[in-house]
Amino acid sequence: MTSSNGPIAHQQKTFTDVNYAEKRLKNREFIECEFIGCDFSKSDLRGNDFVDCHFKQCNFSMAILNGAGFRDASFTECKMLGIDFTQCNRLMFAFSFYGCTLDYSTFLGTRLRKTPFWECSLKEVDFSEADLTAADFRNADLSGARFSNTVLEKADFRTALNFGIDPDFNKLKKARFSAMNLSGLLYKYNLDIEF
């Protein structure tokens with residue numbers, strides 16, 4: 001499955017409770033693999049590719065992702081604190097997040113069209129200049145998240161919590177909000193809104 005200098009490929013394998021913390025994974029390609037309860041905290045994943053992989057209850061906090069490729073990668077209940085997603089391979093960049101903690105991460109200038117961020121904690125996440133067209137923030141906590149020159153057209157914020165988005169500095173055409181959370185668009189006016 002490997003050529004003399006090509007990556008070591010893993011297909012349709014399940015990795016459970018593997019400790020990759022503070023380790024470097026070199027020249028690997030994971031295709032349709034599942035990672036359950038694995039620890040990638042502070043690990044160096046530079047240059048590795050993950051295609052159609054599912055991560056469940058894994059810890060990626062402070063992982064180094066320079067040049068790492070994630071195509072159709074799904075994360076469920078993962079801890080992903082302080083991750084710089086801008087360093088990932090832009091040609092392999094498609095995610096789904098369900099119940100994850102992504103606090104203090106950055107998606108500055110990335111393309112995240114139709115990305116689900118369901119029930120995620122996105123505190124202090126930087127979405128500046130990102131393309132979040134049709135992204136879904138179902139029950140996501142956006143306390144302190146930054147939106148500046150962000151494309152949020154058709155994004156769904158109907159059940160999102162604690163967001164502050166300035167309509168003057170973001171593209172919001174056809175974005176979806178509920179009447180109960182419109183105050184997140186008016187925060188800069190320091191209004192006293194009662195429900």
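Analyst: Buried means under 20% relative accessible area, exposed means over 50%, and partly exposed lies in between. The model discussed here is a predicted one.

User: With that cut-off, is Asp 126 buried or exposed?

Analyst: Asp 126 lies in the loop between S9 and H1, and its relative accessibility is 15%. Because that value falls under 20%, Asp 126 counts as buried.

User: With which residue does Arg 146 form a salt bridge?

Analyst: Arg 146 is partly exposed at 38% relative accessibility, and the closest N and O atoms of its salt bridge are 4.0 Å apart. Both partners are placed in the loop between S9 and H1, so the pair ties together parts that are 20 residues apart in sequence. The partner of Arg 146 is Asp 126.

User: What does the secondary structure of the protein come to?

Analyst: Read along the sequence, the protein follows the pattern β-β-β-β-β-β-β-β-β-α. The secondary structure therefore comes to one helix and nine strands.

User: What is the radius of gyration of the protein, and what does the globule rule give for 195 residues?

Analyst: The C-alpha atoms fill a box of roughly 65 × 30 × 25 Å along the principal axes, and buried residues make up 47% of the 195 residues. The radius of gyration is close to the value from the globule rule, so the protein is as compact as a globular protein of that length.

User: How many salt bridges does the count come to?

Analyst: The rule asks for a side-chain nitrogen of Lys or Arg within 4 Å of a carboxyl oxygen of Asp or Glu. The pair of Lys 56 and Glu 34, with N to O at 2.9 Å, is a salt bridge, and so is the pair of Arg 46 and Asp 44, with N to O at 2.6 Å. By this rule the count comes to eight.

User: Which strands hold Lys 56 and Glu 34, and how many residues apart in sequence are the parts that this pair ties together?

Analyst: The side chains of Lys 56 and Glu 34 meet in a salt bridge. Lys 56 counts as partly exposed at 30% relative accessibility, and Glu 34 counts as partly exposed at 23%. Lys 56 lies in strand S6 (residues 54–56) and Glu 34 in strand S4 (residues 34–36), so the parts tied together are 22 residues apart in sequence.

User: Which residues are linked with Asp 44 in a network of salt bridges?

Analyst: Asp 44 counts as buried at 9% relative accessibility, whereas Arg 46 counts as partly exposed at 39%. The side chains of these residues, Arg 46 and Asp 44, meet in a salt bridge. The residues linked with Asp 44 in the network are Arg 24 and Arg 46.

User: What is the phi of Gln 12, and what is the phi of Ala 134?

Analyst: Most residues other than glycine have a negative phi. Gln 12 has a positive value and lies in the loop between strand S1 (8–11) and strand S2 (14–16), where it is exposed with a relative accessible area of 62%. Ala 134, also with a positive phi, is placed in the loop between S9 and helix H1 (183–186) and is partly exposed at 25%. Phi is near 50° for Gln 12 and about 60° for Ala 134.

User: How many Å apart in space are Leu 122 and Leu 132, C-alpha to C-alpha?

Analyst: Leu 122 is found in the loop between S9 and H1 and is buried, with a relative accessible area of 0%. Leu 122 and Leu 132 are ten residues apart in sequence, and their C-alpha atoms are separated in space by 14 Å.

Note on methods
Residues are numbered from 1 along each chain as its sequence is written. This is a predicted model: local features need pLDDT of at least 70, side-chain atom pairs count only at pLDDT 80 or more; totals for chains, interfaces and linings use all residues. Side-chain values use heavy atoms; hydrogens and water are left out. Helices (H or I, at least four residues) and strands (E, at least two) are DSSP runs, numbered from the N terminus. The radius of gyration is taken over C-alpha atoms; the globule rule is 2.2 Å times the number of residues to the power 0.38. Buried means under 20% relative accessible area, exposed over 50%, partly exposed in between (1.4 Å probe, protein chains only).
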